[in-house]
Amino acid sequence: MKTDVKQIDVLIDKFYDCETTLEEEKYLKQYFHSDNVAPHHKILVPQFIFADNDSPNLSNSFGITQSEYE
Amino acid sequence: MDSKEFVETLLPIRDKLFRYAKRVLINYEEAEDIVQEVYLRLWTNREQLAEKKSLEAFAMTMTKNLCIDRYRSKGYQASNTGVDAGEVSIAANSISPQKITEQRDAVDLVKQIVSSLPENMRIVLTLRDVQGLDYDEIAEITGSNINTLKVNLSRARKRVREELSNKYQYKNYED
């Protein structure tokens with residue numbers, strides 16, 4: 001993934017101001033998953049990968065047991 | 001409304017309600033649970049149902065509200081993404097086991113930060129950054145307007161960044 005760091009900087013600023021589209025957010029996630037993360041972006045990696053939804057599973061990963069609702 | 005009417009009127013919309021809940025909660029069992037609750041409540045109140053002009057809309061509103069309640073419940077947190085932190089790391093090329101552990105710790109940390117956010121921030125961040133919904137959908141689910149949502153989301157995202165960088169600086173001193 002070839003990336004333009006300046007473009008990523010702009011997108012990241014937009015992200016924190018909620019001005020990015022879903023497409024742009026997807027692009028950012030891809031960037032943060034790649035091996036090309038710029039050193040000054042490394043600290044942000046966890047925020048962009050923590051919710052990776054590529055494989056939403058259907059198992060009971062909710063950490064809530066049925067009984068809590070009864 | 002008698003039971004025959006109940007079945008004829010309300011069962012055909014079950015799929016629709018389920019699809020909605022599944023889409024919002026991204027979990028089959030949770031969605032099933034919500035729909036069952038909706039039907040239980042409808043059945044319990046079937047005497048009054050005849051008066052509702054549009055039962056479908058009524059059932060849909062009930063489903064939405066229950067989904068929101070579920071979001072607000074203490075157990076529903078960012079960790080509900082269904083993705084193990086280890087999987088995320090392994091997906092990203094060959095990295096050392098030590099790095100996987102670090103990344104997993106960091107991912108867990110983000111989940112902790114998110115779950116400690118005030119409710120309005122946590123809900124919007126989960127719907128956007130975890131479930132990937134667009135703002136119109138989030139507005140519909142939460143009943144807030146888009147500007148308010150964005151203000152809360154922006155604060156939430158910045159808070160996560162801030163706490164992440166605080167924790168990491170602190171951690172580096174410790175090491």
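In helix α8 of chain B, the buried residues are Met121(B), Arg122(B), Ile123(B), Val124(B), Leu125(B), Thr126(B), Leu127(B), Arg128(B), Asp129(B) and Val130(B). A residue is termed buried if 20 or more other C-beta atoms lie within 10 Å of its own, exposed if 12 or fewer do, and partly exposed in between, with C-beta atoms placed from the backbone. Helices (H or I, at least four residues) and strands (E, at least two) are DSSP runs, numbered from the N terminus. The model is predicted, so that local features need pLDDT of at least 70 and side-chain atom pairs count only at pLDDT 80 or more, while totals for chains, interfaces and linings use all residues. Residues are numbered from 1 along each chain as its sequence is written, and chains are lettered from A and ligands numbered from 1 in the order in which they are written.

Helix α8(B) covers residues 119-130. Of its 12 residues, 10 are buried, and the helix is thus mostly covered. From first C-alpha to last, α8(B) reaches 15 Å, close to the 16 Å expected at 1.5 Å a residue; the expected span is 1.5 Å times one less than the number of residues. After α8(B) comes Gly132(B), with a positive phi near 70°.

Arg159(B) belongs to helix α10(B), residues 146-174. The C-alpha atoms of Arg159(B) and Met121(B) are 9.7 Å apart, although 38 residues separate the two along the chain. Whereas Met121(B) is buried, Arg159(B) has 17 other C-beta atoms within 10 Å and is therefore partly exposed.

Chain B as a whole contains 10 helices and zero strands. Of its 175 residues, 34% are buried. Two residues are in contact if their C-beta atoms, placed from the backbone, lie within 7 Å. Among contacts in chain B between residues at least 6 apart in sequence, 60% join residues at least 24 apart.

Axes are lines fitted to C-alpha atoms, for helices over the stretch in contact, and angles run from 0 to 180 degrees between N-to-C directions. The crossing is right-handed, the near helix being turned clockwise from the far one by less than a right angle, and anticlockwise in a left-handed crossing. On the α2(B) side, the contact is made by Arg14(B), Leu17(B), Phe18(B), Ala21(B), Lys22(B) and Leu25(B), and on the α3(B) side by Tyr28(B), Glu30(B), Ala31(B), Ile34(B), Val35(B) and Val38(B). This contact has nine nonpolar, no polar and three charged residues, where Ala, Val, Leu, Ile, Met, Phe, Trp, Tyr, Cys and Pro count as nonpolar, Asp, Glu, Lys and Arg as charged, and the others, Gly among them, as polar.

Chain A has three helices and zero strands, and 21% of its 70 residues are buried. Helices α1(A), residues 5-16, and α2(A), residues 22-33, have axes that come within 10 Å and cross at roughly 120°. They are therefore oblique to each other, and their crossing is left-handed. Here Ile8(A), Leu11(A), Ile12(A) and Phe15(A) of α1(A) meet Glu24(A), Glu25(A), Leu28(A) and Tyr31(A) of α2(A). By class, the contact comprises six nonpolar, no polar and two charged residues.

Definitions and conventions
Angles under 35 degrees count as roughly parallel, over 145 as roughly antiparallel, 65 to 115 as roughly perpendicular and the rest as oblique.
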